[in-house]
Amino acid sequence: MAVCKVNIDTDLHIALTAKIRQFYAEKPGEFDPRMYLGPGREAIKDMVKRKLHVLGCAGKADECL
């Protein structure tokens, strides 16, 4: 059995930053972090789901128990 380590942190930063930039482009006067961090977290969740699928480990958490 081989071990393969994949770093996805940069992809998560890009997803979060893109969502924050989009928010500020649409609402430049808004400054409350609660307004842009929620959508940013959703972008991260979506990216994690995509990466789990691409890496072939989606739905395998039960196998580890």
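Tutor: Start with the pairing rule: rings of Phe, Tyr and Trp (its six-membered ring) pair if their centres lie within 6.5 Å, and planes under 30 degrees apart count as stacked, over 60 as edge-to-face and the rest as tilted. By this rule there are three aromatic pairs. Take Phe23 and Tyr24: their ring centres are 5.7 Å apart and their planes stand at 75°, so this pair is edge-to-face. Phe23 also pairs with Tyr36. Here the centres are 5.9 Å apart, the planes make 50°, and the pair is tilted. Phe23, Tyr24 and Tyr36 form one aromatic cluster.

A word on the source. This is a predicted model, in which local features need pLDDT of at least 70 and side-chain atom pairs count only at pLDDT 80 or more, while totals for chains, interfaces and linings use all residues. Residues are numbered from 1 along each chain as its sequence is written, and side-chain values use heavy atoms, with hydrogens and water left out.

Now the cover over each ring residue. Buried means under 20% relative accessible area, exposed means over 50%, and partly exposed lies in between (1.4 Å probe, protein chains only). Phe23 is buried, because its relative accessibility is 8%. Tyr36 is buried too, at 15%. Tyr24 is partly exposed, at 31%.

Next, the helices. They are DSSP runs of H or I with at least four residues, strands are runs of E with at least two, and both are numbered from the N terminus. The chain has two helices and zero strands. Phe23 sits in helix 1 and Tyr36 in helix 2, so their pair ties together parts that are 13 residues apart in sequence.

Between helix 1 (9–26) and helix 2 (33–54) runs a loop, and Asp32 lies in it. Asp32 is buried, with a relative accessible area of 18%. Its side chain makes a polar contact with the side chain of Arg34, at 2.8 Å. A polar contact is a pair of N or O atoms within 3.5 Å; within protein, one must be able to donate a hydrogen and the other to accept it, and residues adjacent in sequence count only if both atoms are side-chain atoms. Asp32 and Met1 are 31 residues apart along the chain, and their C-alpha atoms are separated by 48 Å.

Asp11, in helix 1, is 36 residues from Met47 in sequence, yet the two C-alpha atoms are 7.6 Å apart. Asp11 is partly exposed at 26%. Ile44, in helix 2, is 31 residues from His13 in sequence, and their C-alpha atoms are 8.0 Å apart. Ile44 is partly exposed at 25%.

Last, step back to the whole chain. Its C-alpha atoms fill a box of roughly 55 × 20 × 15 Å, taken along the principal axes. Buried residues make up 14% of the 65 residues. The accessible surface is about 5600 Å², and 60% of this belongs to carbon and sulfur atoms. These areas come from the Shrake-Rupley method with a 1.4 Å probe; for residues, only the protein chains shown count as cover.
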